Amino acid sequence: MRPLSRFLAAAFALFLAGCDGRGGGGTEHLRAPEPAGMAQAREAMVHMMEREDLRYRLKDPRVLAALRKVPRHRFVPEALASEAYENRPLPIGDGQTISQPFIVGYMTEVLDLKPWESVLEIGTGSGYQAAILGELAKEVYSIEIIEKLGLRAEALLQSLGYRNVHVRLGDGYRGWPEHAPFDAVIVTAAADQVPELLVEQLKMGGRMVIPLERSGAAAPEPGVQELVLLRKTPEGLKRETFFEVRFVPMTGEILGR
Ligand code: SAH
């Protein structure tokens, strides 16, 4: 081959590799056959979440497209696959749950991720939220404290082609400084305070969504938190509160503080 054609062939191969790899998430699962009815069930679920008569609904077309694409039934135990497209949390073992899909969609929507941004998730769990983030952001860094769950989620995300989603085992309380600063942080376990180090690892203008326990007289019943969006500004954290949610508690170092 002459040098120019060799160069063109190499460039084309690179282009193909780029198409197959990242850039808006994996696509392998689109080629894998799904059990009958899963696609319709998923469509019906997402359709329910964008209904205009709802007080809280999903509006962002990119988030809706991600929910239409990611096979949630692969992220729940096989015995529960037929319930994967009902709008509720499901057990994933070790006392943990995969969040309700509407909450996954809502938390993602308020983060308003751009395709070039990086996001840190605390609490990989099943990996479903990480996959949704992987469809929307450039890089996703997700930390899970329970080894079994983290390893399983990582293997599943890889098999589905999410090469832009990186899972690490450990305590997310201290974040992932090697990849900071992040454009966004999503905490998917309940905390009674905003972990300081996670705020430090946010870019100026960055967003954090977190289920926060309230204390004192205004506290809701135990096990219930408020979903909060924080924005890091030069004047401090700007806070927006949405509705009540129920997440499993964050464990690890935060408990000793
Ligand atoms: N985002 C998950 C749901 C998370 S459930 C999904 O889409 O399926 C909350 C998860 O947070 C659990 O898996 C729990 O083990 C994990 N977790 C709790 N405390 C943590 C900590 N300090 N660091 C990292 N993960 C933690």
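**Exercise 1. State the secondary structure content of the protein chain and how far the chain is buried.**

Solution. Step 1: the protein chain holds 8 helices and 9 strands, where helices (H or I, at least four residues) and strands (E, at least two) are DSSP runs numbered from the N terminus. Step 2: the model is a predicted one, in which local features need pLDDT of at least 70, side-chain atom pairs count only at pLDDT 80 or more, and totals for chains, interfaces and linings use all residues. Residue numbers start from 1 along each chain as its sequence is written. Step 3: a residue is buried if 20 or more other C-beta atoms lie within 10 Å of its own, exposed if 12 or fewer, and partly exposed in between, with C-beta atoms placed from the backbone. By this rule, 39% of the 257 residues in the protein chain are buried. Step 4: two residues are in contact if their C-beta atoms, placed from the backbone, lie within 7 Å. Among the contacts in the protein chain with a separation of 6 or more, 58% are between residues 24 or more positions apart.

**Exercise 2. Describe the open sheet, from its strand order to its edges.**

Solution. Step 1: the sheet has 7 strands in the order S5-S4-S3-S6-S7-S8-S9, with mixed pairing; two strands pair if DSSP finds at least two bridges between them. Step 2: its edge strands, S5 (165–169) and S9 (236–245), each pair on one side only. Step 3: from one strand to the next, the twist averages 15 degrees. Step 5: S8 and S9 run antiparallel and are joined by 8 bridges, and a hairpin through 2 residues connects S8 to S9. Leu237 in S9 is the bridge partner of Lys232. Step 6: the count of buried residues among the 10 residues of S9 is 0.

**Exercise 3. Determine how helix H5 is placed and what follows this helix.**

Solution. Step 1: H5 (residues 101–111) packs on the sheet and touches S3 (118–122), S6, S7 (202–212), S8 (225–233) and S9. The direction of H5 makes about 160 degrees with that of S7; here axes are lines fitted to C-alpha atoms, for helices over the stretch in contact, and angles run from 0 to 180 degrees between N-to-C directions. Step 2: of the 11 residues of H5, 8 are buried, including Pro101, Ile103 and Leu111. Step 3: H5 is followed by Asp112, whose phi is positive, near 50 degrees. Asp112 belongs to the loop between H5 and S3 and counts as partly exposed because 15 C-beta neighbours lie inside 10 Å.

**Exercise 4. Is Asp94 buried or exposed, and where does this residue lie?**

Solution. Step 1: Asp94 lies in the loop between S1 (90–93) and S2. Step 2: Asp94 is exposed, because 11 other C-beta atoms lie within 10 Å. Step 3: its phi is near 55 degrees, a positive value in a residue other than glycine.

**Exercise 5. Locate Ala190 and list its contacts beyond its sequence neighbours.**

Solution. Step 1: Ala190 is in the loop between S6 (182–187) and H8 (196–200). Step 2: Ala190 counts as buried because 21 C-beta neighbours lie inside 10 Å. Step 3: leaving aside neighbours within four places in sequence, Ala190 is in contact with Pro211, Glu213, Gln225, Phe247, Val248, Pro249 and Met250. Step 4: Leu227 is 37 residues from Ala190 in sequence, and the two are 9.4 Å apart in space, C-alpha to C-alpha.

**Exercise 6. Identify the residues with the most contacts inside the largest nonpolar core.**

Solution. Step 1: a nonpolar core is a set of buried Ala, Val, Leu, Ile, Met, Phe, Trp, Tyr and Cys residues joined through C-beta atoms within 7 Å. Step 2: the largest such core has 60 residues, and Val119, Ala131, Leu157 and Val185 have the most contacts inside it. Step 3: H6 gives the most to this core, with 6 residues. Step 4: apart from neighbours within four places in sequence, Leu157 is in contact with Gly127, Ala130, Ala131, Tyr162, Val165 and Val167.
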